[in-house]
Amino acid sequence: MAHKLADELLKDILSPPLLVPDDMFANRDAVSPFSKVDRSAADVLLVCKRWMRVGTPALYHTVVLRSMAQAKALASALRRCPDFGTYIRRLRVEGSYGEYIWQAVKTAPHITELCLSLTVYSDVKVDGMVKSIAMLNPTRVILTVSPEKKIKNKNQDALIAALCKGIKKWSRMHTFEFSGSHTAMKRWEKRPDYLLFPELLEALSSSLSVEVVRLGVCLDSNTIAIADSAGSALTKLLTSRQSVRLVFSNANIHESLEHMRITGRIPQAFLSRISTDADAALSNPNNLLVAPTTSVQHQFLPNPFFKPFQAMDDATRESILACVAEHALRRDHPLSYNPVDKWYDRAVYDSAAVESWFKMAALRVLARRIVVHDDAVWARLNALLASHPNLLKYTTSLRLSSIWSTITPAVQSKMLSFTAKLVDARITPTENVLAVLRSTGSSATLQSLELVVNRWSDGFSLIQLSGFPALESLTLGIECPADDTISASELPLVDLPRLRSLAISRCPPFVLKAFMETHSLPAWTALDASSYYEVSFLSLIQSRAQLVRTVKLWRMQADDWATLPAMEVLELCENFGDNVPPYLSQPEAAHSNLRVLRFHFKRNTHNRPYKLAIEQAWTRVLSVYITHAKFPKLETIQMMSEEALWPTNEREIKKSVWPKLAVDLQEQGITLLDRDGRVWRPRLR
């Protein structure tokens with residue numbers, strides 16, 4: 001079918017996956033977004049020669065160079081086919097790649113946007129970039145993130161000098177964007193990059209065409225030395241260029257600029273030319289700044305008599321409005337319970353700001369998931385339920401706790417009595433609370449249940465878990481005095497036929513042992529004890545351990561590997577630093593069925609000697625103790641580090657041990673992943 005399409009239509013079809021969005025091209029974050037790309041955009045061109053011919057202009061429209069190998073490959077391609085250079089419109093260079101960058105740029109006369117980094121070290125060559133800047137005449141220039149610590153060398157000086165000379169010469173440049181990052185100077189002082197390189201502001205004062213200068217995050221006006229330097233530099237720029245406007249990326253700049261105006265660092269007349277990315281001038285909200293990429297502004301007048309979907313019946317209208325509200329308030333992870341997520345504080349509930357028809361639709365959507373984590377939350381929620389008592393009938397997830405005195409079991413029972421069919425709940429499982437769950441029908445629909453028991457004397461018994469046939473996930477959070485006892489022989493057998501996942505946050509050993517002996521768990525496959533610190537607790541579940549396939553633990557004992565013979569996925573949450581624990585180094589550390597192994601660790605990037613010690617420890621773990629001979633079915637190792645695992649530029653690649661470990665493990669058939677599930681791409685080296 002594709003061969004019947006005209007080239008123009010085929011070009012429109014192939015362009016979207018090949019073109020780079022502007023927010024990625026001009027991204028100025030500390031970590032380049034292109035370091036996380038796990039596929040090549042050129043793959044779509046490998047279908048046939050016609051697709052290659054039609055899609056090549058879109059492929060070369062935006063060129064991003066992140067390594068010397070990429071720069072060399074681009075130079076080689078343009079040397080063989082110089083016509084490809086005429087397709088290049090945007091160029092992003094994340095390093096300095098010697099003469100290769102010049103060989104590419106000299107064949108690309110139509111480059112209009114240039115993104116480059118001023119983080120240049122003494123061991124690189126900048127001659128090619130210097131000659132390229134002298135040849136270009138872009139309309140927009142973007143600087144990427146500055147170094148964390150100040151660097152000073154002749155290569156950087158040469159690059160800055162070439163950039164200043166180009167700024168003064170370029171006749172088409174209308175926008176210049178600083179990175180907005182801050183560089184540490186000494187002790188606690190940090191300077192934004194437009195003060196780190198004051199010569200660039202000097203050059204912009206002499207520019208022939210610049211109209212917009214983006215400065216990133218506003219300066220800290222409390223630092224007098226920085227405020228003096230900024231006031232002087234910005235005032236000079238605004239004075240020399242009457243048409244130039246300054247734009248800050250953060251909206252909260254009023255206090256800093258007002259402080260500089262009062263202290264005389266910036267004249268009052270210049271404030272109307274300083275704005276934020278919202279394009280609203282500080283002194284005159286109607287004075288809109290024209291952004292580099294213009295868009296049509298539409299104005300909508302309020303209509304107090306408008307009512308949407310007037311011709312529909314109430315049920316259909318409410319269903320559509322619920323979908324609209326759900327999209328507006330959508331969570332990426334609808335079952336994640338963030339303690340700081342105070343959904344009831346949203347302005348959507350303000351009747352003065354939102355129409356009543358949308359307010360009610362939003363309330364019904366948000367009432368599906370109610371989380372109460374402290375007394376203040378309960379007070380606001382209680383006030384809301386007083387005016388809208390029927391909201392609880394829409395609730396499918398209700399997570400309460402009796403840790404706070406006001407949310408007593410009696411209060412929980414009252415709230416549960418208004419619910420219809422819960423799917424998820426966090427409750428204090430007293431006899432009365434569980435009886436209410438059964439009476440409302442939720443016991444037959446409940447799939448996830450978390451039990452919070454502060455004392456064994458609160459009225460909870462293991463036998464009360466009977467009558468929950470749909471339960472798939474159970475969390476035990478039970479606190480009891482150490483001298484309490486229970487006899488499993490006195491309890492009848494409780495059947496939980498669909499329970500697949502069991503999590504243990506707090507549970508005395510005798511309770512856990514009784515639970516295992518008195519509950520039938522034919523479908524149990526997952527255990528989460530990452531917050532349970534009883535060292536030898538696996539011996540308590542040994543009678544059922546042959547069922548478990550997915551395990552998440554804080555730490556293990558050396559003999560625990562044999563306790564879980566069917567285990568296929570293991571996640572260890574202990575951060576053992578630079579000391580390899582015995583459960584990994586001893587000969588017993590072996591398993592015949594394990595397929596996935598996950599580790600949690602901290603790299604401690606601020607303390608370099610300790611960071612090196614940690615990397616040496618993990619090198620021993622992944623090259624000596626974790627081998628194909630000891631784990632014959634192991635397919636994946638995932639490192640759940642808080643910091644990024646894979647290096648993001650060539651300088652980091654040379655120093656990091658993780659790329660080499662990934663390659664060595666791959667030779668054994670084991671894939672090494674970072675916390676986001678990304679593999680190492682050797683081509684970046």
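Glu 615, Trp 618, Thr 619 and Leu 622 of helix H20 are in contact with Trp 658, Leu 661 and Leu 665 of helix H22, where contact means heavy atoms within 4.5 Å. By class, this contact of H20 with H22 comprises 5 nonpolar, 1 polar and 1 charged residues (nonpolar: Ala, Val, Leu, Ile, Met, Phe, Trp, Tyr, Cys and Pro; charged: Asp, Glu, Lys and Arg; polar: the others, Gly among them). The model is predicted, with local features requiring pLDDT of at least 70 and side-chain atom pairs counted only at pLDDT 80 or more, while totals for chains, interfaces and linings use all residues. Residues are numbered from 1 along each chain as its sequence is written, and side-chain values use heavy atoms, with hydrogens and water left out.

The axes of H20 (residues 608-625) and H22 (residues 658-667) come within 11 Å and cross at roughly 0°. The two helices are therefore roughly parallel to each other (angles under 35 degrees).

An open sheet of 8 strands shows parallel pairing in the order E1-E2-E3-E4-E5-E8-E9-E10 (strands are DSSP runs of E, at least two residues, and helices of H or I, at least four; two strands pair if DSSP finds at least two bridges between them). Strands E1 (62-65) and E10 stand at the edges, each with a single partner strand, so one side of each lacks a neighbour in the sheet. The twist from one strand to the next averages 15°.

Strand E5 (residues 175-177) is joined to E8 by 3 bridges, and Phe 176 has Val 213 in E8 as its bridge partner. Between E8 (residues 212-216) and E9 (residues 245-248) there are 4 bridges, with Gly 216 partnered by Phe 248 in E9. E9 is in turn joined to E10 (residues 274-276) by 3 bridges, and Val 247 stands opposite Ser 275 in E10.

Technical notes. Axes are lines fitted to C-alpha atoms, for helices over the stretch in contact, and angles run from 0 to 180 degrees between N-to-C directions. Angles under 35 degrees count as roughly parallel, over 145 as roughly antiparallel, 65 to 115 as roughly perpendicular and the rest as oblique.
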